[in-house]
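Subject: Structure for your review

Dear colleague,

Please find below the structure that I am handing over to you.

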Amino acid sequence: MMQNKLFAGFIITFNRPSILKATIQKVFNQTFPPEKLWIIDNSDGKETEEMIETLDQYPIVYYYLGYNAGPAYSAKFGLELAYQEGYEWVFWGDDNDPPLYGEVFEKLFNLIQIEDNVGAVGAVGQYFEKSTGKIKRVPTELLERKKNIDVDFIAGGYCFIINKSVLEKNIFPNQDLFFGFEELDYCLRIKRGGFRLVVNPEVFYEYRKRSNRLVVNNIDYVKKINLNREYYSLRNLLMISDHFGFFKMKILLYFKWSIKSVYGFKYGWSYGKKNFKIIWLAFLHFWKGIKGKTIDL
């Protein structure tokens, strides 16, 4: 019999009440649902709160932050809430990324029962190359072997579930990142703390199959629609490389993004100028130690 306070979770949301509602329903329709779910609301209105009030059949606790605190702070806040109440495992969820099918949580907990020193589990994971800062794909052939796989990174939206032992070591997300690669930073902190990150290959394979990603699709550099997101990506990757002492990664980031700042002019003067400005603003803010939310997304 499962002990009390085994499994809780939180979902971070921002101005998407209808999408959030569908995600909440899918979370509680799992064959092994969480015992409690916090909703961490970054929205700037009351629509989400009003929607939550219609879901009184679920064990939900709603928190309205009153401003857009960003996913990094919201995740830290959610983990602190679950830790203070003594839950063993905590699901970190996003409002638009529910579990892909009904048995995901159950299969992840099956993994937990047989593996040692697990700091976190997830449906999908990747490797991380610290010398280049690249996220590397787990080969599909490895998933077909049906053996649980140690990874370096569990991305947001892929049923990231964290063990209380990580939180007991005071390992929490870095709220200074605000948005962008906060999960990567946190995974690296978990591994530095001496814990494993493990994925279930059966679940992983099913995710890849349903999204038609069993075969690698090479994607060339494309024009970015939201350049402000690029700002946070670069600044936060530089912060990560600095914190963990990844010197080669930092040098490569300088080189690659300097080239990208010029390459953007391929798409016209207006786009190129904004791209150039946003990249060098990220460099400048990193050098000055400016953190948190600085520009709107």
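This is a predicted model: local features need pLDDT of at least 70, side-chain atom pairs count only at pLDDT 80 or more; totals for chains, interfaces and linings use all residues.

Eight strands form an open sheet with mixed pairing, in the order 3-2-1-4-9-5-10-8. At its edges stand strand 3 (60–64) and strand 8; each has a single partner strand, so one side of each is left without a neighbour in the sheet. On average, neighbouring strands of this sheet are turned by 25° against each other, with direction ignored. The pairing of strand 8 with strand 10 is antiparallel and runs over 3 bridges. Within that region, Val151 has Leu197 in strand 10 as its bridge partner.

Salt bridges

Side chains of opposite charge can pair when their charged atoms come close. In this model the count comes to 14 salt bridges, and three of these pairs are described here.

The side chains of Asp150 and Arg196 meet in a salt bridge, with an N to O distance of 2.8 Å. Asp150 belongs to strand 8 (residues 149–151) and Arg196 to strand 10 (residues 196–199), so this pair ties together parts that are 46 residues apart in sequence. The link therefore joins strand 8 and strand 10 through side chains, and these two strands also pair in the antiparallel sense. Asp150 itself is partly exposed, since its relative accessible area is 37%.

Lys46 forms a salt bridge with Glu49, where the closest N and O atoms are 3.5 Å apart. Lys46 has a relative accessible area of 43% and is therefore partly exposed. Glu49 is also partly exposed, at 24%.

Lys293 is partly exposed, with a relative accessible area of 42%, whereas Asp296 counts as exposed because its relative accessibility is 53% and the cut-off for exposed is over 50%. As to networks, salt bridges that share partners join Glu115, Asp150 and Arg196 into one.

Two asparagines with positive phi

Asn117 is a residue other than glycine, yet its phi is positive, near 55°. Asn117 sits in the loop between helix 4 (104–114) and strand 5 (118–122). With 44% relative accessibility, Asn117 counts as partly exposed.

Asn212, which is not a glycine either, has a positive phi of about 60°. Its place is the loop between helix 8 (201–210) and helix 9. Asn212 counts as exposed, at 63% relative accessibility.

The second largest pocket

The volume of the second largest pocket is about 170 Å³. The pocket is lined by 14 residues, and those closest to its centre are Asn174, Met239, Asp242, His243 and Lys291. Helix 7 (182–192), helix 9 (227–244) and helix 11 (269–288) are the elements that give two or more residues to this lining. Helix 9 contributes the most, with 4 residues. Sorted by class, the lining of the second largest pocket holds 5 nonpolar, 4 polar and 5 charged residues.

With kind regards

Key
Residues are numbered from 1 along each chain as its sequence is written. Side-chain values use heavy atoms; hydrogens and water are left out. On a 1 Å grid over the protein atoms alone, a cavity is a set of points where a 1.4 Å probe fits but cannot get out, and a pocket is an open set with protein on both sides within 12 Å along at least five of seven lines; lining residues have an atom within 4 Å of a point. Grid points are joined across faces, edges and corners, and a volume is the space filled by probe spheres set on the points. Ala, Val, Leu, Ile, Met, Phe, Trp, Tyr, Cys and Pro count as nonpolar, Asp, Glu, Lys and Arg as charged, and the others, Gly among them, as polar. Buried means under 20% relative accessible area, exposed over 50%, partly exposed in between (1.4 Å probe, protein chains only). A salt bridge is a side-chain nitrogen of Lys or Arg within 4 Å of a carboxyl oxygen of Asp or Glu. Two strands pair if DSSP finds at least two bridges between them. Axes are lines fitted to C-alpha atoms, for helices over the stretch in contact, and angles run from 0 to 180 degrees between N-to-C directions.
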